[in-house]
Amino acid sequence: MHEVSIAEALAQQVTEAASRHGLATVRQIGVCVGARSGVVPDALAFAFEILRAGPVLGAATLDVRATDGDDLRLEWIEGE
Amino acid sequence: MRVEVLERVLKVNDALAEEVRATLDLAGTLAINLIGSPGSGKTALLEQTAGILHPRVRLGVIEGDIATTRDAERIARCGVPAVQIETRLVGNACHLDANLVRAALTRLPLAEIQVLFIENVGNLVCPSAYDLGEHLRVVVASVPEGDDKPRKYPSTFGRAAAVVLNKVDLLPVTDFSLPAFTEGLREVTGAPLFPLSARTGEGLGTWLAWVEAQREVARRVS
């Protein structure tokens, strides 16, 4: 399913955001997934778990907020 | 430490899609992203459309499949410029993305194409998340798939500028209810519905008129 390619895009985006904000390690990633986005939250979390690697993302987990709309957004990242 | 990011997850794809749209606009080409299940008759619809409209309206086609160049060959036999994207070469993707379309555009004589159809990989779910840089989306459903599809796939049907219901010649031999399909469709979109049969040609006229009208609208705006 396309959740794998979406997880790849997300990993790239989180890595960039972490570097922008000076975070060496990301623990949690806040993602908003709309009911009409065409993305299944569980499948996205599973795909991300398989893909995550390296010092920045290796231990990161997704915190998915489900909404009614069609948005698919990276909302926040947490780490140090 | 928590920091706000607030970005669309597919922002890289979206940026490429804007680039594709700018290229199309510069060439004066209207692009239609055709989404539907495998076997719904997307290619058959394009063959019929090409047979009647082309070359009075000059068409071009980008075909997306996981494997084979079958569909592009079918379209090329209609005398329409066609290129095939095989996603087996890029990780078996179940959908097209803007990057693939951008590359395919370089293999087409864009200046000679007034309406470009991009036939997505057969799939009613994944393609809906990816902006390809198209101007309009059209969903192709078909009678044997059942009349509950708009309600089951609202994210796909909800973003369609028009919906084609293909294989209406099979209505008498199935339990498909056209009123039920229409009612479900109206719950998710007000887009026009074109019931037709790409096999018999029934109902094709209104679909073709819609395509031509979209072309006219696009030309007046640009």
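Predicted model: local features only at pLDDT ≥ 70, side-chain atom pairs only at ≥ 80, totals over all residues.
Reader: What makes β3(A) and β1(B) count as paired strands?

Author: Two strands pair if there are at least two bridges between them. β3(A) and strand β1 (residues 2-8) of chain B are joined by 5 bridges. So the two strands pair. They run antiparallel. R73(A) belongs to this picture too: its bridge partner in β1(B) is R8(B).

Reader: What is the order of the strands in the open sheet?

Author: The order is β2(A)-β1(A)-β3(A)-β1(B). That makes 4 strands, with mixed pairing.

Reader: Why are β2(A) and β1(B) said to stand at the edges?

Author: β2 (61-67) of chain A and β1 of chain B each have a single partner strand. One side of each is therefore left without a neighbour in the sheet. From one strand to the next, the twist averages 20 degrees.

Reader: Which helices lie across strands of chain A?

Author: α1(A) lies across β1 (26-34) and β3 of chain A, and also across β1 of chain B. It runs at about 45 degrees to β3(A). Helix α2 (residues 41-51) of chain A lies across β1 and β2 of chain A, at about 165 degrees to β2(A).

Reader: How many residues of each chain are in contact with the other?

Author: On chain A, 24 residues are in contact with 21 residues of chain B. α1 (3-20) and β3 (72-79) of chain A each supply at least two residues of that side of chain A. β3(A) gives the most, with 8 residues. By type, the chain A side divides into 11 nonpolar, 7 polar and 6 charged residues.

Reader: Which residues of α2(B) are buried?

Author: K42(B), T43(B), L45(B), L46(B), Q48(B), T49(B) and A50(B) are buried.

Reader: Where is N92(B), and what does it touch?

Author: N92(B) is in the loop between β4 (82-86) and α4 (98-105) of chain B. Leaving aside residues up to four places away in sequence, N92(B) touches I66(B) and T87(B). The C-alpha atoms of N92(B) and D65(B) are separated by 8.9 Å, although the two residues are 27 residues apart along the chain.

Technical notes. Residues numbered from 1 in each chain as written. Chains lettered and ligands numbered in written order. Buried ≥ 20, exposed ≤ 12 C-beta atoms within 10 Å, placed from the backbone. Contact = placed C-beta atoms within 7 Å. Nonpolar A, V, L, I, M, F, W, Y, C, P; charged D, E, K, R; others polar. Axes fitted to C-alpha atoms, helices over the stretch in contact; angles between N-to-C directions.
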